[in-house]
Amino acid sequence: MTAPGMMKLHWSPRSPFVRKVMVAAHELGLADRIETVRTVVAMVKPARELLPENPLGKIPTLVLADGTILYDSLVIIEYLDSLAGGGRMIPAAGPARFTELRRHALANGFLDMLILWRNERDRAQPLPALLDAFALKTEALLPALEAEVAALEASPVGLAQITTAIAGAYMDFRFPDLGWRERCPALSAWQARFAERPSMRATGIVDA
């Protein structure tokens with residue numbers, strides 16, 4: 001049973017979207033208020049125990065102390081940001097908010113695609129046209145992320161930085177053949193520095 005005042009997070013040590021939430025929680029000083037519950041999800045094997053709380057069957061799913069349920073990493077992080085006073089992970093209003101959300105959408109969309117790519121690649125009979133489409137999009141995405149590095153470095157730590165850094169770590173984990181670090185030297189150097197933050201070190205990918 002979750003302790004009074006604690007939140008329960010359906011969690012996996014390999015999910016980049018769960019990691020986004022936990023990195024944000026550490027950055028906001030809220031990690032000690034979250035109880036993580038190992039929940040295994042897969043496209044072909046839904047987690048039946050999760051469906052009553054999240055009919056999408058996806059993680060992260062956050063259950064608040066009062067029983068309210070939040071899902072999708074963006075929604076959860078915005079909620080955590082509000083608990084910490086607001087405006088730290090996502091600017092509250094104005095052009096800065098939409099710039100942050102756009103940069104997040106770029107990196108988060110890339111993570112979505114990488115997961116779909118991995119699932120297709122691991123099928124017994126993957127569709128060559130789909131694999132080619134993923135590869136073509138990656139050829140456009142990597143330079144787009146590389147072009148954001150200077151702006152990320154000049155910004156406070158927030159949602160876009162966290163998601164971009166996690167995208168780099170996920171490529172290292174699942175797509176070492178992409179050679180992204182050689183192709184994106186500025187992004188690689190920035191990501192390596194960001195990966196040394198305590199929040200990132202506390203949430204490293206565990207292949208288990």
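I count a contact where heavy atoms lie within 4.5 Å. I take helices (H or I, at least four residues) and strands (E, at least two) as DSSP runs, numbered from the N terminus.

I am reading a predicted model, in which local features need pLDDT of at least 70 and side-chain atom pairs count only at pLDDT 80 or more, while totals for chains, interfaces and linings use all residues. Residues are numbered from 1 along each chain as its sequence is written, and side-chain values use heavy atoms, without hydrogens and water.

Entry on α1 and α3. I looked up which residues join these helices: P16, F17 and K20 in α1 meet H104, N108, L111, D112 and I115 in α3.

Entry on E27. I located E27 in helix α1. I noted E27 as buried (under 20% relative accessible area), because its relative accessible area is 16%. I found a polar contact (a pair of N or O atoms within 3.5 Å, one able to donate a hydrogen and the other to accept it; residues adjacent in sequence count only if both atoms are side-chain atoms) between the side chains of E27 and R197, at 2.8 Å. Leaving out residues up to four places away in sequence, I list R88, M89, V157, I162, R197 and S199 as touching E27.

Entry on α6. I checked helix α6 (residues 159-174) and found 14 of its 16 residues buried, so the helix is largely enclosed by the rest of the structure.

Entry on β1. I recorded four of the five residues of strand β1 (residues 7-11) as buried. I saw β1 pair with strand β2 (residues 34-38) in the parallel sense over five bridges, where pairing requires at least two DSSP bridges. I placed W11 opposite R38 in β2.

Definitions and conventions
Buried < 20%, exposed > 50% of the residue type's maximum accessible area, 1.4 Å probe, protein only.
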